[in-house]
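Reader: Can you walk me through this one? I'd like to start with charged pairs.

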Amino acid sequence: MQNHIQEHLATLDLAHIWHPCTQMKDHEQFPLIPIKHAKGVYLYDFNDKGYIDCVSSWWVNLFGHCNEYINNAISTQLVNLEHVILAGFTHEPIITLSSRLCALLPDALTKCFYADNGSSAIEVALKMSFHYFHNHGEKRNLFLALNNAYHGETIGALSVGDVALYKETYAPLLLESLRTPAPPTQFGDYASALESLEQILKIHGTQICAFILEPLIQCAGNMHMYNKDYIHEACILCKEYGIQIIFDEIAVGFGRTGSMFALEQCGVVPDYLCLSKGISGGYMPLSVVITTDSIYQAFYAPYATYKAFLHSHSYTGNTLACAAANAVLDIFLHDNIIAKNKELSTYMQQEFALLQDSNKVTNMRICGMVVAFEVITSKERPNIFIFQEGLKRGLLLRPLGHTIYFMPPYVITRDLIHYVVQCLKEIIAML
Ligand SMILES: *Cc1c(COP(=O)(O)O)cnc(C)c1O
């Protein structure tokens, strides 16, 4: 009976829902999985089969599904105010959230501009940077990004991204942007990457508004972890040319890399910090670009000068989402999450190291709460095979091509990490 509901919902779904990042024809072969409820790291389907959410539901969930504390915060907020226009009006959750975020960040980052998803935050940062120079009477209209970057799917964000699978088709529509190589490894040499950057700056330095990068991990770029010292030195070079720095911490912010924000490890204060995904603990769409007072001042003028940043989204700074975000910050504080994650990360490293016994596993790497490695396989589309075998064992894994990664909610236990590794061992042996 239960099974029947599961199939029925999947069929109804396919009648009207066009899913993201999906070749819909694949669902002729692979069934959709309707989820009935969830708790902690587990998602449950209509047969009450549980799946460990090894990808934090696309990297957004931090403290588990149906977290009681966040649920309560949203329910409490819901009684008083669900949403209000953020132009000309404001609300308490967003004021609290903004001051708390700024308090967690370097002193120079003081002004929060909100949107409702990661790509929109990138659009805001790009437009704001261009507009900053415009307001200063300086003509700059290029952006510089790293090879293998991912910044989202809207036209502007795609323009600075470099993942061909998402970008190639739309190339004729995109803005012109410049690209420089990311260093090849986490701890190794980055001199040649810096040299390439210097070459580009010598030619285009005065035309570039901003250098945009995902500090420490290019997540959608197959979890590429790269040298933090490069980031530090590259940003210094860019600043010498008056180029602004945009840190896209949409995926890596909120503790993912081991520190609250990746910028702490890089020793860089960016001009724009883009945050989303984990900001609301995976509950509600919310994003923010946090910038400096000097950038804010470049837009601060009488209305008739047309210097204002008039960008907006209907759901900008949604009240319920801000209430969730405040609850997330409470949990970080009260449960000492950053320190606890350090221990969990060490355990993850030990456990995943066991997989290296297989000669099919290469390039094992870890950064905070992200582990990744490549699998060597002769089979076509290993990602679908691994996905399917994962599901059989109650794991939601979503390999990126040959890259398998584990990026769980922070409430994952040691026992479950051990279980995931044992399952992966079995699956890899089948490749
Ligand atoms: C997910 C992601 C984005 C885009 O965010 P959306 O909310 O999916 O639009 C941008 N940058 C990075 C690094 C991301 O991981």
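Reader: What does Glu-28 form a salt bridge with?
Author: Lys-25, with the closest N and O atoms 3.0 Å apart. A salt bridge here is a side-chain nitrogen of Lys or Arg within 4 Å of a carboxyl oxygen of Asp or Glu. This is a predicted model, where local features need pLDDT of at least 70, side-chain atom pairs count only at pLDDT 80 or more, and totals for chains, interfaces and linings use all residues. Residues are numbered from 1 along each chain as its sequence is written, and side-chain values use heavy atoms, leaving out hydrogens and water.

Reader: Is Glu-28 buried or exposed?
Author: Exposed, at 64% relative accessibility. Lys-25 is exposed too, at 52%. Buried means under 20% relative accessible area, exposed over 50%, partly exposed in between (1.4 Å probe, protein chains only).

Reader: How many salt bridges are there in the whole structure?
Author: The search finds 10. Glu-389, Lys-392, Arg-393 and Glu-426 are linked in a network of them.

Reader: And what about Arg-140, which partner does it have?
Author: Glu-138, at 2.7 Å between the closest N and O atoms. Arg-140 is buried at 6%, while Glu-138 is partly exposed at 35%.

Reader: New topic. Where is Phe-133?
Author: In helix H5, residues 118-135. Helices (H or I, at least four residues) are DSSP runs, numbered from the N terminus. Phe-133 is buried, with 3% relative accessible area.

Reader: What is Phe-133 in contact with?
Author: Beyond its neighbours within four places in sequence, its contacts (heavy atoms within 4.5 Å) include Glu-138 and Arg-140.

Definitions and conventions. Helices (H or I, at least four residues) and strands (E, at least two) are DSSP runs, numbered from the N terminus.
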